[in-house]
Amino acid sequence: MATKALFNTVVNWFIRQRIDQIQNFMDHPIETQKGILFSQLFHAEDTEYGKQYGFNSISSYQDFKNKVPIVTYEDFEPYIERARQGYKDVSWPGLIKHFAKSSGTTNAKSKFIPISAESLEYCHMKAGKDMVSIYANNHPENQLFTNKNLRLGGSSELYADFNTKFGDLSAILIDNLPFWVEITTTPSKKVSLMSEWESKLKAITSEVKNEDVGSILGVPSWMLVLLQRVLKETNVGSISELWPNLEVFFHGGISFKPYREQYRQIIGKNINYYEIYNASEGFFGIQDRSNSDEMLLMLDYGIFYEFIPMDQFHHSNPKVVSLEDVETGKNYAMVITTNGGLWRYLIGDTVVFTSTNPFRIKITGRTKHYINAFGEELMITNVESALSKACEATGALVTEFTGAPVFMKENEGGAHEWIFEFSQHPDSLESFVDCFDQHLKTINSDYEAKRYNNMTLRRPIVHIARQNLFYNWLESKGKLGGQNKVPRLSNDREYIDPLLELNKGTVDIEIYKNQNG
C-alpha cells in the first residue's frame, strides 16, 4: 500500500507540471492557434495536398481561407484512400501507418481517419494525460493511481490492409499506451482488445468485479450497460459498495444530461463527473472545472480551429471565422485542420462558446442531427433540456430516445414523432408529453410559432419503447459497444421507421398518441 501511495504521489506531481503549459495557451490563445496553423502549413508544403493548394505561398489566414477549400469526408476520401494504400506524403509528410475506422451513427459506410505519429502523440496521448492533469490539479487529494482506472473502449481489433493498420481508435491508443498507464488500468489489454461485444462484456465483468476501481472512462450509455451487468454479477446494492474508492467518471461521446440521475442511483454516492470531447479526428475539449458543463477548448494539440455560424451553414459560400472572431451564445459548425493531415475538415459537430476568456465550449449537436422539417430548427440541446424538465416533473428516467418529423399530408398538419425507452416510467405519460411540449415552446420560439393552434405542428406523438429496443437495433446493425451512438434527432424517417417496426407486437409496448392537440 505504501508503494502505491508513493507511486500516486510521484505520478500526480509529474502530470500537474502540464498545468503551466495549459495556462499559457489560455493566456495567449490567438498566438497559439496562429503558430499551429503556419507550423503545419510549412510542415506539409511538399505533400501532394500542399503542392495542389500552394501551401508555400500562404502568408496569412485570409490566404489560407482563399486557397484551401472546406471539405467533408466524401470530398477528402480520395486522399485518405491513397494514404491507406501506403503512398507517402499525400496530405501529411511521410507514411501514415494507422487509420481509425469509424462508421459513426448516420452512415453505414466506414470512414478511415488518418492517425499520424504526430496526432497520436501530441493530440490523443497528450489529451489523455491532460485529462488526468486537470483533474489532479483540481483535486489534490485524489487517489487516481492508488486504485485502478476502468476503461471501456470500442471494438478494438487492429486489421492489416495494404501496408497500414486500421481499427477503432481505442485499439490504436491501447496498442501504444505507456507501461505505467497499462499497470494502473483495468480490464487487461487482452480483454480490452476483444471485438465481439457480448463476449467482451462478460470478460470485462469477470475481471473488474475483483478490482479496486477509483475512476471510470467511457461513453455514458455503454458504461451504464457494463455497470448494470457488474451489479447483477456481484449481487451488491450499488457500485459504491463494490468500489468504495470510486471518485470520478470521465465521460464523452454523447450528452451526459439524460444519464445523470441514473448514475447517481446506480453508483449510490456522489462522485466527480468530468466531460471530455474526443473523436477519431482529434481530441478537442476537456472540462477544466469541477461541477461545470463547459469544456476548455484545447488549443495546443496540433489542431487549428475554424467555425461556420449555423445560420450560414447551408449557404453556398458561408462565412467562416477563426477563434479570434467567435461570439458567445452563437451556434457554430466546427472546421478543423489537424496534424493527422486533415485540412479544413468539417467534422459534423456543432458547438456554442460559453466564454472567450478562456475559450470554453458546449457541444450542441451535429450538423445532420436536427429537426427542421417545418422551420422549427429543433436542436438536441433544446430536446435534452425539455426532456430533463419532463422527467423531473413526472419521476421518469429515459435511457435512449430518437425523434423525427411526421410530414404534412392533405389537410393534416405535421408533427414530431418520438420513441422513448424508459428505465423508470413517468407517473403520467400525458403529463410527460405536456411538459416536454411546453418546455420546447418556452425555449424555442420557432417551435412555439409552428405549434400555434396546431396549424403547422400538432402535439408530439410519443411511443414507449420496449426494453432494450435501441440495444437490439444497434445489435442488428453490428454496432454494439464503444463509440456507437443512437441518432437522437433526424430530419427524415431513416431511423425511426425501422425502430417503430422493431417495436411492434411486443406485450409491454404502450403507445400514446394525441393528434388533436
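## Rings, charges and cores: a conversation

Me: How many aromatic pairs does the structure hold?
Reply: The structure holds 37 aromatic pairs. Rings of Phe, Tyr and Trp (its six-membered ring) pair if their centres lie within 6.5 Å; planes under 30 degrees apart are stacked, over 60 edge-to-face, and the rest tilted. This is a predicted model, in which local features need pLDDT of at least 70 and side-chain atom pairs count only at pLDDT 80 or more, while totals for chains, interfaces and linings use all residues. Residues are numbered from 1 along each chain as its sequence is written, and side-chain values use heavy atoms, with hydrogens and water left out.

Me: Why is the pair of tyrosine 49 and phenylalanine 55 called edge-to-face?
Reply: The ring centres of tyrosine 49 and phenylalanine 55 are 6.3 Å apart and the planes stand at 75°, so this pair is edge-to-face.

Me: What makes tyrosine 49 and tyrosine 79 an edge-to-face pair?
Reply: Their centres lie 4.8 Å apart with the planes at 90°, so tyrosine 49 and tyrosine 79 are edge-to-face. Tyrosine 49 belongs to helix H4 (residues 48-52) and tyrosine 79 to helix H6 (residues 73-84), so the pair ties together parts 30 residues apart in sequence. Helices here are DSSP runs of H or I with at least four residues, strands are runs of E with at least two, and both are numbered from the N terminus.

Me: How do you know whether tyrosine 79 is buried or exposed?
Reply: Buried means under 20% relative accessible area, exposed over 50%, and partly exposed in between (1.4 Å probe, protein chains only). Tyrosine 79 has 19% relative accessibility, so this residue counts as buried. Tyrosine 49, at 1%, is buried, and phenylalanine 55, at 2%, is buried as well.

Me: What makes arginine 82 a charge over the ring of tyrosine 87?
Reply: A charge sits over a ring if NZ of Lys or CZ of Arg is within 6 Å of the ring centre and within 35 degrees of the ring normal. Arginine 82 lies over the face of tyrosine 87, at 4.2 Å from the ring centre.

Me: Why is glutamate 211 with lysine 148 called a salt bridge?
Reply: The term asks for a side-chain nitrogen of Lys or Arg within 4 Å of a carboxyl oxygen of Asp or Glu. In this pair the closest N and O atoms are 3.6 Å apart, and glutamate 211 and lysine 148 form a salt bridge. Glutamate 211 lies in the loop between helix H11 (197-208) and strand S7 (213-218), and lysine 148 in strand S3 (residues 148-151), so the pair ties together parts 63 residues apart in sequence. Glutamate 211 is partly exposed at 28%, and lysine 148 is partly exposed at 22%.

Me: What makes lysine 441 and aspartate 437 a salt bridge?
Reply: Their closest N and O atoms are 3.8 Å apart. Both lie in helix H16, and because they are 4 residues apart there, about one helical turn separates lysine 441 from aspartate 437. Lysine 441 counts as buried at 19%, and aspartate 437 is buried at 4%.

Me: Which residues touch the most other members of the largest nonpolar core?
Reply: Of its 83 residues, Phe307 and Trp343 do. Such a core is a set of buried Ala, Val, Leu, Ile, Met, Phe, Trp, Tyr and Cys residues joined through side-chain atoms within 4.5 Å. Helix H7 (residues 117-138) gives the most to this core, with 8 residues.
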